[in-house]
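Please look at the sequence and the model below.

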Amino acid sequence: MDATTPFTSPLPNSASSSPLSSPLSNLSQTPSLPSSPDMPDPTNRYPSPSSTTTSGIQSPVKLGEPIYDDEDLQRKLDAAAADGRPAKRRRITPPKERTTEYLDLTKSDSEFTLEDHIQMERLISALRKKKKIVVIAGAGISVSAGIPDFRSSTGMFATAKRDHKLKGSGKHLFDASVYKHDSSTQSFHAMVREMAQMSKAAKPTPFHHLLASLAQEGRLLRLYSQNIDGIDTSLKPLATNVPLNAKGPWPTTIQLHGSLDKMVCTKCNQLEPFDGDVFDGPEAPLCKTCEVDDAVRTAHAGKRSHGIGRLRPRVVLYHEYNPDEEAIGNVSRADLKTRPDAVVVVGTTLKVPGTRRLVRELCQVTRSRKNGLTTWINVDAEPKGADLKDCWDIVVRSRCDNVAQLAALPPWDCSPGDDYVVSQEEDRESQERRSKTTFAVNLPSSPAHPDIESHFAAQPKQIEKMQGIPTPSASPRISASKKPAKARQSKISFGGKQSTQSTVVKPATTAKKATKPRARKPKQAPKAQPPKNTVLQNFKAVKANQDVGKKLVGESSETNKTDEMDSGPSTPTMLGRRLPDTISPKSVPESLRHIIDM
């Protein structure tokens with residue numbers, strides 16, 4: 001029999017029967033120490049807020065935006081559909097699509113179509129009715145005046161190369177490098193003298209007169225001229241300023257490339273009228289102003305010379321600085337802000353980059369208007385390029401003078417009501433229009449009665465008189481310094497005499513005495529005696545111990561008047577007697593009736 005002790009733990013039978021069992025081998029069978037408490041996962045202790053929407057490509061919900069469940073949203077949509085009234089939406093009118101229309105005025109009248117007539121009327125209406133017109137003009141508007149253009153086969157570039165025997169193009173004579181060589185300088189001076197003579201002999205063309213008429217009527221916002229002949233500025237409405245003021249005000253005509261009207265010193269910037277005789281030879285003439293200043297400085301002051309400037313035509317050549325560049329930039333920005341309602345590009349090929357950019361910006365602003373119109377007028381096709389794409393509303397193939405004759409504006413120097421000379425063609429067309437025009441005048445039937453006839457004959461005079469009645473003007477305003485007149489009240493006496501004195505009505509709320517007004521002293525009238533034994537007798541109650549027959553003696557009339565004036569307005573009184581207090585007969589006691597004279 002196995003004995004167990006309290007220090008031994010029962011072991012399984014398999015362990016006790018094992019020959020290799022030992023006390024150390026039983027340690028693995030002993031119970032282990034209690035483990036540490038289980039800690040939760042840190043990621044689960046502070047869970048992040050879950051997203052309100054499922055992940056995907058949709059945009060996240062914005063703060064403050066209501067969140068709807070699918071059922072709630074469907075319920076709202078069903079309620080709106082059941083109501084039958086769609087949600088209000090802002091009506092947005094899409095802009096009208098801009099297209100480019102073509103008009104060829106070189107065709108004969110028999111070849112004109114209905115669309116050609118519509119576009120021609122559209123062009124003429126714009127020239128006659130638009131209020132803010134901007135014109136960019138080139139040398140083409142002066143061809144009919146005898147001034148050749150530059151880039152055509154018979155233009156200035158081609159003729160300059162042939163006449164001056166240049167190796168390259170005649171364009172080199174308009175480059176700033178002409179002053180580097182004596183030969184090119186001499187050729188440039190010869191060409192300038194020739195152009196100046198042609199400009200002085202030239203007369204303004206019909207298109208020049210059209211521009212002057214627009215300027216005279218106040219409808220020409222700006223004329224950007226690339227011409228140096230000065231024909232446009234010779235007309236009074238198209239006059240300009242040389243040099244241009246950078247800050248304004250600016251003239252109607254802006255000369256982009258200068259003109260042959262002036263010559264300038266390269267040193268002192270002195271402006272003088274152009275004189276072609278001094279530009280002879282390979283050297284530029286000396287400035288007279290600089291010569292005088294230099295002589296005073298060196299000979300009299302004993303200082304060193306600063307040099308003497310050279311004169312040159314005030315024209316802008318290729319690859320040189322424009323002295324009016326700042327002013328031209330400012331005036332073009334001002335015109336863009338004004339948003340012209342019509343842009344006319346005429347007689348130019350737009351080869352100069354600055355002018356090309358100005359035209360593009362003006363056309364974009366004008367076409368953004370509802371009724372803006374941009375027009376290209378030239379015998380050549382419009383320029384091609386991505387920058388000038390969709391710039392034109394009407395492309396007119398015609399000479400500019402023909403367009404001016406179609407517009408038929410009154411001359412700029414013609415006053416309203418004056419007659420002016422027109423061409424035979426315009427006179428014939430005017431007579432044809434008048435012959436086709438009929439007038440219907442309704443005259444009233446003549447009356448048979450002579451009185452009615454005289455009435456109708458006199459009617460125009462009466463109407464003329466009625467039309468001559470002046471309209472009443474507004475009432476004058478009352479000055480604040482003048483006080484309103486005070487109301488006056490006359491005193492009426494019961495004795496048959498009406499007093500002419502008047503007193504000012506004193507307000508009831510005023511505590512002070514009214515001052516005595518200044519009035520004219522009336523004439524003294526004879527005093528009237530009051531009638532005796534009349535109903536208006538004055539009585540006064542007396543005490544019982546006084547005599548029954550004693551009465552109050554009335555005061556004099558002068559005393560009464562003084563009292564009345566001091567006390568203000570009162571009830572009418574008897575003349576010459578002061579009215580005492582009276583007692584109504586009904587209020588007299590029976591015991592006192594025998595002492596009161598009724």
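Val135 stands opposite Val344 in strand S8. Strands here are DSSP runs of E with at least two residues, helices are runs of H or I with at least four, and both are numbered from the N terminus. The model is predicted: local features need pLDDT of at least 70, side-chain atom pairs count only at pLDDT 80 or more, and totals for chains, interfaces and linings use all residues. Residues are numbered from 1 along each chain as its sequence is written, and side-chain values use heavy atoms, with hydrogens and water left out.

Strand S2 (residues 133-137) runs parallel to S8, and five bridges join them. Two strands count as paired if DSSP finds at least two bridges between them. S8 also pairs in the parallel sense with strand S9 (residues 373-378), again over five bridges. In this pair Val346 stands opposite Ile377. From S8 the chain passes through helix H10 (residues 353-367) to S9, a right-handed β-α-β crossover; right-handed means that, with the strands pointing away from the viewer, the path from the first strand over the helix to the second runs clockwise.

Is S8 (residues 342-346) buried or exposed? Five of its five residues are buried, so the strand is largely enclosed by the rest of the structure. Buried means under 20% relative accessible area, exposed over 50%, and partly exposed in between (1.4 Å probe, protein chains only). In a regular strand the side chains alternate between the two faces of the sheet. On one side of S8 lie Ala342, Val344 and Val346, on the other Val343 and Val345, and all are buried.

Another sheet is open and antiparallel, with three strands in the order S6-S5-S7.
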